[in-house]
Amino acid sequence: TVVDVTDGSHAAGQDIRVSGGAIAAMGVTGQDTRRQDTGGLPVVEGNGAFVVPGYVDGHAHALNDPGTAPGSYALMLANGVTGFRQMSGSPKLLRDRRAGRLPAPPGAPALLATPGALLTPLNSATPGDAAAEVRAQKEQGADFIKAGMTTRETFLAALAEAGRVGIPLDGHLPGEIDPRDAARGGMRCIEHLGPGVPVFAAACTCEIGR
């Protein structure tokens, strides 16, 4: 049964032919006469199973230690994950990616996006520092900025600068920021629901007043 994730429909009784590592044909079981002539290639019987596109892990740390990446990749593939977003980066990681030095053996899950260094008081102590760090990471080739341990002021400065230079900002939301304001400012996703309770409070349909 092939699952179409765009509309949720299921097509039962399908044959899928793979050639050169890509899906070459799909159709009702038995209709493709080439199914019987496999040329010695393996046939996987999928009766009672479902076929879906590869999953994307939107929050992974497979490249924190490149030496352990092969194990992380194997675990991802075993669970159907074929692409991931690295959620912790550094200038070195960005340099290594540009130079083609990141571990990427054939068949490994694809690295879809990575940030530069996490925004913390070390690189974003003031609003000006935060804006400068956003510009620096954009120049280094980061795909997005990850907010970490920021204050309201440094977070808003980073968010505004990210919008100005055209790079997404994701990550942790300071406890003083309403997630609706962050979303209106351009934040695409919030990791770990916080810290603090603003996300839960904003999502609650029950408001209690005194």
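Trainee: What kind of model is it, and how are residues numbered?

Mentor: This is a predicted model, where local features need pLDDT of at least 70, side-chain atom pairs count only at pLDDT 80 or more, and totals for chains, interfaces and linings use all residues. Residues are numbered from 1 along each chain as its sequence is written, and side-chain values use heavy atoms, with hydrogens and water left out.

Trainee: How many helices and strands does the chain have?

Mentor: There are six helices and nine strands. Those are DSSP runs numbered from the N terminus: H or I of at least four residues for helices, E of at least two for strands.

Trainee: Is the chain spread out or compact?

Mentor: Its radius of gyration is 22 Å, well over the 17 Å that the globule rule gives for 210 residues, so the chain is more spread out than a compact globule. The radius is taken over C-alpha atoms, and the rule is 2.2 Å times the number of residues to the power 0.38. Along the principal axes, the C-alpha atoms fill a box of roughly 65 × 50 × 30 Å.

Trainee: And how much of the chain is buried?

Mentor: Buried residues make up 30% of the 210. Buried means under 20% relative accessible area, exposed over 50%, and partly exposed in between, with a 1.4 Å probe and protein chains only.

Trainee: On to residues. Where is Gly116, and is it buried or exposed?

Mentor: Gly116 lies in the loop between β7 (110–113) and α3 (127–140). It is buried, at 1% relative accessible area.

Trainee: Which residues is Gly116 in contact with?

Mentor: Leaving aside neighbours within four places in sequence, Gly116 is in contact with Gly89, Ser90, Leu94, Gln137, Ala142 and Phe144. As for Gly48, 68 residues apart from Gly116 along the chain, the two C-alpha atoms are separated by 44 Å.

Trainee: Now Asp96: buried or exposed?

Mentor: Buried, because the relative accessible area of Asp96 is 11%. Asp96 is in helix α2 (residues 91–99).

Trainee: What does the side chain of Asp96 make a polar contact with?

Mentor: The side chain of Lys92, at 2.6 Å. A polar contact is a pair of N or O atoms within 3.5 Å; within protein, one must be able to donate a hydrogen and the other to accept it, and residues adjacent in sequence count only if both atoms are side-chain atoms. Not counting residues up to four places away, Asp96 also touches Arg101 and Leu102.

Trainee: Where is Ser9, and what does its side chain make a polar contact with?

Mentor: Ser9 is in the loop between β1 (2–3) and β2 (10–11), and its side chain pairs with that of Asp7 in a polar contact of 2.7 Å. Ser9 counts as partly exposed, at 34% relative accessibility.

Trainee: Last one, Tyr55. Which residues does it touch?

Mentor: Beyond those up to four places away in sequence, Tyr55 touches Asn79, Gly80, Val81, Thr82 and Gly83. Tyr55 is in strand β5 (residues 55–60) and is partly exposed, with a relative accessible area of 45%.

Definitions and conventions:
Contact = heavy atoms within 4.5 Å.
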